[in-house]
Every structure is written in structure tokens, then in C-alpha cells.
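The following note sets out a reading of the structure shown below. The points run from the overall fold to single residues.

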Amino acid sequence: MSNAATLSDSPLQVLESAVQPVIERLGKHSLFDRIRTLEDVRCFMEHHVYAVWDFMCLLKALQTAVTCTTVPWLPVGDAGTRRLINEICLDEESDELGDGRCFSHLELYLEAMKEAGASTSTAFGFLDTLRKGSGVDDALRLPGIPHAAREFVQHTMAVIESRATHRIAAAFTVGREQAIPVMFTPIVNSIARGQPSLSIFRLYLERHIELDSDKHGPLGMRMLAQLCGERQQAWQEATEGAIAALQARERMWDGILTAIEAGTWG
């Protein structure tokens, strides 16, 4: 797709054209070539697990906004949009992996971390702090949470707290679902070259590439188009939000690369 929008382009095409250069940069990030050893993979995972968690926050914020999640139940908004977000929730929150077991993708990721020998203590401590009623800002102050991961989550939570559904949808759809196949394919290739035994991590990555390329990405873009409608201001804000989400990911990749090269993180 050309990066130059024309007057005949639809608002969705204009958005896609605007974000394409950032997505392409993410797919070519130096981090992917630098993931060579098992220790590199562990460093990556101990950062990235927080992005896996806050992805679910974006998703549930959207579900809360476009469906009814309270009792008494009442129909809310557009039924097509409700179906789109509920289909994505089904896969992300309770994916069936072919052996009869179901996992949220965060739970699957934590299993992958254990298989790789990455530390999960800080991530579980973060989740336990939230379960005890602390806010996200307080939980992010736990020692051991990498700075790059903390900043990434803070960006995500600021988007959610805006309560602007089209902005949340843009961060979710373009910043995550559309970009994930581009970002995760090089990681799969890096693991294949150096760490073929990381079967659960490969499953996680390949499952996201499959779902986001074939199903969630297209569904999400339809949802974003429905939410923005004919409102030019909404499309402008969605485009800005999508770019900001992608740039936040780029900064996190920069932080992980720096940590790997330094041989330490936290």
C-alpha cells in the first residue's frame, strides 16, 4: 500500500497509509537480530509479559464500552460491533489449544516463561498486587519491573483512562492486532535459529500471528470503522492514537535491546 493518501481514499485507507511506515520500522527493529541466546529470550520475555497483560486491559476496556457487562443486561450499541469484540475476547481470554485445555494468552505466556527459565516472580507479584486491590500505578512501582515495560504500560493505561472508545480501539487494533504479525514473525525466526526447544513460546507467537493475520486484525479494523463512522475528528484522533501506540512499542523494543546489550535489566 502506498504511503501517500489521495482524496479518494476512505478514512480507513488514510489511517492505514499513515501508520504503515511505523509498522514497517517495527518489523525491521534491531532487537530481532540481537535475540540470539536463551538469556536474550529471557530478557525479552521478562519485559514483554507486561505488554501481554495490558493487551487484555485494552481488550476488556473495549468489551466494557461496546457491550453490556452488567446486570440487568440491556442491548448496547451495534450488535455487529458486540459480536466482533466478543469473538476476539473468546480467543484471547480462553483460547483452546487443540488438546482440550483452555488458556488466556497471558497464562500461556507465563507457562512459556517457565519453560524458558525466565523469572516469573515479579510478574506474579504484579498480578498479586492488583488482586489485593492496588491500582496499576502502585503495582508498577514494584522493584524488578523493567523501566521500558513500566513506561509502555503507563502509555496503555492512559489510553484506557481517556475513555474515548475509538482511541482505545485504534491502539488495540492498529497498535496490537495489525502490528503483531509484523513484529512476531522475526522473533519466531530468531528462536528457530538459536533456540528450537522453546515450544510454548513458539506456540504463543505463532498462535498470535495466525489469529491476528487471518481473524482478529480484519475484525478489529471493521470494529474501528464502525466506531469512527463518518466523523472526521474521530478518524484523526484514531490515527494519532494508533501512531502513538506503535511508537510506544518502538520505545519498549529500544529498551529491551539496550537491556540485552548491557547484560542486565530491571
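Predicted model: local features only at pLDDT ≥ 70, side-chain atom pairs only at ≥ 80, totals over all residues.

1. The secondary structure consists of twelve helices and two strands, where helices (H or I, at least four residues) and strands (E, at least two) are DSSP runs numbered from the N terminus. Along the sequence the pattern reads α-α-α-α-β-β-α-α-α-α-α-α-α-α. The radius of gyration is 18 Å, close to the 18 Å that the globule rule gives for 266 residues, so the protein is as compact as a globular protein of that length. The radius is taken over C-alpha atoms, and the rule is 2.2 Å times the number of residues to the power 0.38.

2. Residues are numbered from 1 along each chain as its sequence is written, and side-chain values use heavy atoms, with hydrogens and water left out.

3. Buried residues make up 51% of the 266 residues; buried means under 20% relative accessible area, exposed over 50%, and partly exposed in between (1.4 Å probe, protein chains only). Of the contacts with a separation of 6 or more, 72% are between residues 24 or more positions apart, a contact being heavy atoms within 4.5 Å.

4. The largest nonpolar core has 89 residues. Such a core is a set of buried Ala, Val, Leu, Ile, Met, Phe, Trp, Tyr and Cys residues joined through side-chain atoms within 4.5 Å. Helix 3 (residues 38-66) gives the most to this core, with 17 residues. Phe44, Met45, Trp53, Tyr109, Phe201, Leu224 and Trp253 touch the most other members. Leaving aside residues up to four places away in sequence, Tyr109 touches Phe44, Met45, His48, Val49, Val52, Phe201 and Tyr204.

5. Leu62 also lies in helix 3 and is buried, with a relative accessible area of 0%. Beyond residues up to four places away in sequence, Leu62 touches Ile85, Thr165, Ile168, Ala169, Phe172 and Met223. The C-alpha atoms of Leu62 and Ile160 are separated by 8.8 Å, although these residues are 98 apart along the chain.

6. Two loop positions deserve a look. Val71 and Pro72 are joined by a cis peptide bond, with omega about 5°; Pro72 is in the loop between helix 3 and helix 4 (79-93). Arg163, in the loop between helix 8 (147-161) and helix 9 (165-178), has a positive phi, near 60°, in a residue other than glycine. Arg163 is exposed, with a relative accessible area of 74%.
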